[in-house]
Amino acid sequence: MAEHADRHARQRLVAGFTGPAQERLRASSALVAGCGALGCLIADQLVRAGVGRVVIVDRDVVEPSNLQRQCLFTTADVGVPKAIAARARLEAVDPSARIEAWVDSIDRESIEDYVDGIDLVFDGFDAMEPRYLLNDVCVRDGRPWVYCAAIATQARAMLVRPGGPCLRCVWPDAPPAGALGTCDTAGVLGSTVAIAAGASVALGLPILAGAEPSTPTLVSVDAAAGSWRTIAVAKDPACPCCGAGRFEWLDGDAGSGAAVLCGRNAVQIRPAVESVLDESGWLARLAHAGSFTVGQGLVRGSIDPSLSSGLALDLTVFIDGRAVVHGTSDPAIAAAVCARVLGG
Ligand SMILES: [Zn+2]
């Protein structure tokens, strides 16, 4: 107790974290869904702030290109599953914290197990599709979650409270395939990620300490321009999720589909929403993902092995956003690679 008091002495001076708030944090639980750059920073802040139980789920291993911004990992962790490396680091930060690590994808089959019993979910994803899935399951269960995103110099965060407004009140549908860049194609600065993660924890930590949610806002930061905006968001009565109670991503009515192409050692990934890009648009989007050329109604080429865990994979993207990953018959590998280089 005394050790805890000393450890959190500066935090206890801050309004909202005085008195029994610290004990409420110690009794609280958070899920960090995805442990890339955002998830590392979020989990680090939660454990240092005294959140008692932090659950980390991530399917990837640490790669050298992660070390620019993924603060829980060092050179020695390259090749180690991120969730495992993160747990080791966080247990060293605060041995009294209960850290749970799962090396797994968060998808329709697994998400309910991971959110069960969690007080607040933090979004550490690097694509939009799992965020809609998370939104569905949290709105359905009346569980708060924090949306968080960072790309290039743009950072965003929003607390989604039970009852809404929810993610689909702000963005009713997922962006078309290829409409958004990814960290692997558009890049990201460590400073941008730190802003997004900091805003996310600033919105979520008071909830775990027992505060009532503040006015619904979307925090939107352009780090290059130095602009920080808080945009009021309102519940949309026509929202299919928090309004009509339709959980289309969780039920499988929305979202992309992966199909193994028999006998071809290839997997087709169909986007949730058709692309709006043409061939030259796709060529530009994929410029940093490998070596690509334009064909009739498609672009094709080889994926940079640094983006495919060293696997030799070829990729064909049709202008409607449909993608075929050649060189694997594992839908999970194909989906992960497409999420990295195509977004969605
Ligand atoms: Zn909604």
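The model is predicted, with local features needing pLDDT of at least 70 and side-chain atom pairs counting only at pLDDT 80 or more, while totals for chains, interfaces and linings use all residues. Residues are numbered from 1 along each chain as its sequence is written, and side-chain values use heavy atoms, with hydrogens and water left out.

Let's start with the metal. Which residues hold the zinc ion as protein donors? They are Cys-166, Cys-169, Cys-239 and Cys-242, each through SG, lying 2.3 Å from the ion. Donors here are N, O and S atoms within 2.8 Å of the metal, or 3.2 Å for Na, K and Ca; water is not among the atoms, so sites may look incomplete. The angles among the four donor atoms run from 91 to 127 degrees, and the site is tetrahedral. For four donors, that label requires all angles to lie between 85 and 135 degrees.

Now look at the sequence. The donor spacing reads C-x2-C-x69-C-x2-C. Cys-166 sits in the loop between strand S6 (154–160) and helix H8 (167–170), and Cys-242 in the loop between strand S8 (227–232) and helix H10 (248–251), so this pair ties together parts 76 residues apart in sequence. Helices (H or I, at least four residues) and strands (E, at least two) are DSSP runs, numbered from the N terminus. Are these two cysteines buried or exposed? Cys-166 is buried, at 0% relative accessible area. Cys-242 is buried too, at 14%. Buried means under 20% relative accessible area, exposed over 50%, and partly exposed in between, using a 1.4 Å probe and protein chains only.

Next, the inside. In soluble globular proteins, nonpolar side chains tend to be buried together. Here the largest nonpolar core has 49 residues, and Ile-42, Leu-46, Ile-56 and Phe-122 touch the most other members. A core is a set of buried Ala, Val, Leu, Ile, Met, Phe, Trp, Tyr and Cys residues joined through side-chain atoms within 4.5 Å. Helix H4 (residues 37–49) gives the most to this core: nine residues. Take Ile-42. Beyond its neighbours within four places in sequence, its contacts include Val-32, Phe-122, Cys-148, Ala-197 and Val-201. Contact means heavy atoms within 4.5 Å. A second, separate core has 36 residues, among them Ile-111, Val-121, Tyr-132 and Leu-133.

Ala-197 and Val-201 bring us to helix H9, where both are buried. Other buried residues of H9 include Thr-192, Leu-203 and Leu-208. H9 covers residues 190–208, and its 19 residues should span 27 Å at 1.5 Å a residue; the end C-alpha atoms are 26 Å apart, which agrees. The expected span is 1.5 Å times one less than the number of residues. Just after H9, Gly-210 takes a positive phi of about 105 degrees.

Last, charges. How many salt bridges are there? The count comes to 14. Each is a side-chain nitrogen of Lys or Arg within 4 Å of a carboxyl oxygen of Asp or Glu. Arg-12 pairs with Glu-23, closest N and O atoms 3.5 Å apart. That links helix H2 (residues 9–12) to helix H3 (residues 21–26).

Asp-141 bridges to Arg-140 at 2.8 Å, and to Arg-143 at 3.5 Å. Asp-141 is partly exposed at 33%, whereas Arg-143 is buried at 15%. Together with Glu-112, the residues Arg-140, Asp-141 and Arg-143 are linked in a network of salt bridges.

Notes. Four donors count as tetrahedral if all angles lie between 85 and 135 degrees; four count as square planar and six as octahedral if opposite donors are over 155 degrees apart and all others between 65 and 115; anything else is irregular.
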